[in-house]
Amino acid sequence: MNTEPRLLEVRKNVLKQNDVLARALRDRFRAQHTSVISLVSSPGAGKTMLLERTLTLLSGRYRIAALVGDLATENDAQRLARSGVPVKQIVTGTVCHLEAAMVERALDGWDVGQLDLLFVENVGNLVCPASYDLGEDLRLVMLSVTEGEDKPLKYPTIFNSADAAVITKCDLAAAVDFDEMAALANIQAVRPGMPVFLLSAKSGEGIDNYLEFLTRELHRKCSDVVNENGWPVEVH
Amino acid sequence: MHELSIAMSIIDMAQEEAERRNVRVEAVHLELGALAGVVKEALLFSYGIACDGTLLEGSRLVVKDVPIEVFCPSCNLPKTLTSMQWFHCPDCGAATSEVLHGKELLITAMELKQ
């Protein structure tokens with residue numbers, strides 16, 4: 001009698017559904033010349049504060065909107081709405097991350113083609129969001145000076161999945177003995193070559209370099225591009 | 001903790017396959033990359049719970065760990081990392097961000113009941 005187990009070979013990507021949808025979103029954003037930037041961090045690292053500042057500073061130059069994920073409240077959307085740009089909250093309930101389908105649903109009723117830039121703020125979590133592509137062009141991972149310099153080593157997966165890192169709350173660096181060199185070395189250890197920006201959304205320190213990076217990325221993605229209505233994607 | 005929803009996706013996919021081929025499943029084989037962002041223990045725990053009441057009730061999840069393989073630009077060769085805290089070639093020390101393997105979350109086979 002044959003005791004060998006009968007093996008049926010299959011090759012199925014478990015996250016295929018999300019990946020396929022994310023790819024479709026990315027294609028749609030590219031075709032409409034909309035750049036999409038997502039933000040991930042642990043809870044309390046300052047995503048909403050930085051985003052509020054970013055929206056306020058860029059809204060005069062670009063047509064922007066933001067989606068913001070949260071487990072339970074709509075507080076973040078209310079804060080971000082103060083910047084004057086369109087904001088929509090994605091309340092995930094018990095889900096600890098955003099998925100491509102949630103982004104797609106949230107965009108319902110918005111004319112994405114009218115946007116130069118869309119920000120997507122993920123749920124505060126450095127673990128689960130790493131597995132889910134949202135169709136973004138650029139993923140920013142954030143770390144506040146109060147969290148400790150070894151965060152990148154503790155969460156290498158999310159740091160490795162990101163395109164740039166932002167160290168926030170640097171106005172508090174001295175008070176918490178933040179070791180900047182160690183933090184930078186740890187980021188480079190898990191993601192060599194990743195650009196890093198140190199800033200304080202509160203004091204404004206370092207914001208210029210970060211905004212310059214964002215606009216440069218935007219232009220790199222949309223070089224030689226005008227929207228179908230002829231609106232140039234350029235800084236004036 | 002997104003392992004439960006991932007376990008449910010695995011079960012859905014395996015169940016669909018089993019129904020289509022009219023077979024009973026003893027075990028599902030999965031390749032899990034170190035960079036997939038999924039904790040193996042949590043996934044195994046979730047799988048046991050999520051199987052209840054499905055065609056896969058009582059089945060096992062067999063996980064094969066996939067290490068991180070990067071492309072070393074200096075050696076011009078694929079290399080396997082020894083630590084996920086150090087994205088540098090284990091032989092020459094060159095920094096690299098080009099990941100070739102390690103993000104897998106892939107059902108590779110199903111063991112069938114005789």
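## Where the two chains meet

Welcome to this two-chain model. Between chain B and chain A there are 12 residue pairs in polar contact, counting pairs in which both residues have pLDDT 80 or more. Helix H1 (3-21), strand S1 (25-33) and strand S6 (105-112) of chain B each bring at least two residues to the side of chain B that touches chain A. The biggest giver is S6(B), with 8 residues on that side. Sorted by class, the side of chain B that touches chain A holds 21 nonpolar, 11 polar and 5 charged residues. Please keep in mind while you look around that the model is predicted.

How many residues does each chain put into the contact? Chain B provides 37 residues and chain A provides 26 residues. Together the two chains bury about 2,800 Å², and 61% of that lies on carbon and sulfur atoms. On the chain B side, the residues that lose the most area to chain A are His2(B), Met13(B) and Gln85(B), which together make up 18% of what that side buries.

To find a salt bridge in the structure, look for the side chains of Lys12(A) and Glu17(B), which meet at 3.5 Å, N to O.

Strands also pair across the two chains. Strand S1 of chain A, residues 6-13, is joined to S6(B) by 6 bridges, and the two strands run antiparallel.

## Ser131(A), a residue facing chain B

Now follow chain A to the loop between S5 and S6, where Ser131(A) has its place. Is this residue, Ser131(A), buried or exposed? Its relative accessible area is 11%, so Ser131(A) is buried, the cut-off being under 20%.

Which residues surround Ser131(A), once its neighbours within four places in sequence are left aside? Ser131(A) is in contact with Leu15(A) from chain A, and with His2(B), Ala36(B), Gly37(B) and Val38(B) from chain B. With His2(B) there is also a polar contact, side chain to side chain, at 3.2 Å. You have met His2(B) already, among the residues of chain B that lose the most area to chain A.

## A covered strand in chain A

Strand S2 of chain A, residues 35-40, is mostly covered, with 6 of its 6 residues buried. Ser35(A), Ile37(A) and Leu39(A) point one way from S2(A), while Val36(A), Ser38(A) and Val40(A) point the other way, and all are buried.

Which strands does S2(A) pair with? Strand S5 of chain A, residues 117-121, is joined to S2(A) by 5 bridges, and the two run parallel. Here Ser38(A) stands opposite Val120(A) in S5(A). Strand S6 of chain A, residues 138-144, is joined to S2(A) by 4 bridges, again in a parallel run. In this pairing, Val40(A) has Val141(A) of S6(A) as its bridge partner.

## A buried glutamate

One last stop is helix H2 of chain A, residues 47-58, where Glu52(A) is found. With a relative accessibility of 14%, Glu52(A) counts as buried, because the cut-off is under 20%. Not counting residues up to four places away in sequence, Glu52(A) touches Arg79(A), Leu80(A), Arg82(A) and Ser83(A).

Definitions and conventions. Residues numbered from 1 in each chain as written. Chains lettered and ligands numbered in written order. Predicted model: local features only at pLDDT ≥ 70, side-chain atom pairs only at ≥ 80, totals over all residues. Heavy atoms only, no water. Contact = heavy atoms within 4.5 Å. Buried area = accessible area lost by both parts, 1.4 Å probe. Salt bridge = Lys/Arg side-chain N within 4 Å of Asp/Glu carboxyl O. Polar contact = N/O pair within 3.5 Å; in protein donor to acceptor, adjacent residues only side chain to side chain. Nonpolar A, V, L, I, M, F, W, Y, C, P; charged D, E, K, R; others polar. Pairing = 2+ DSSP bridges. Buried < 20%, exposed > 50% of the residue type's maximum accessible area, 1.4 Å probe, protein only.
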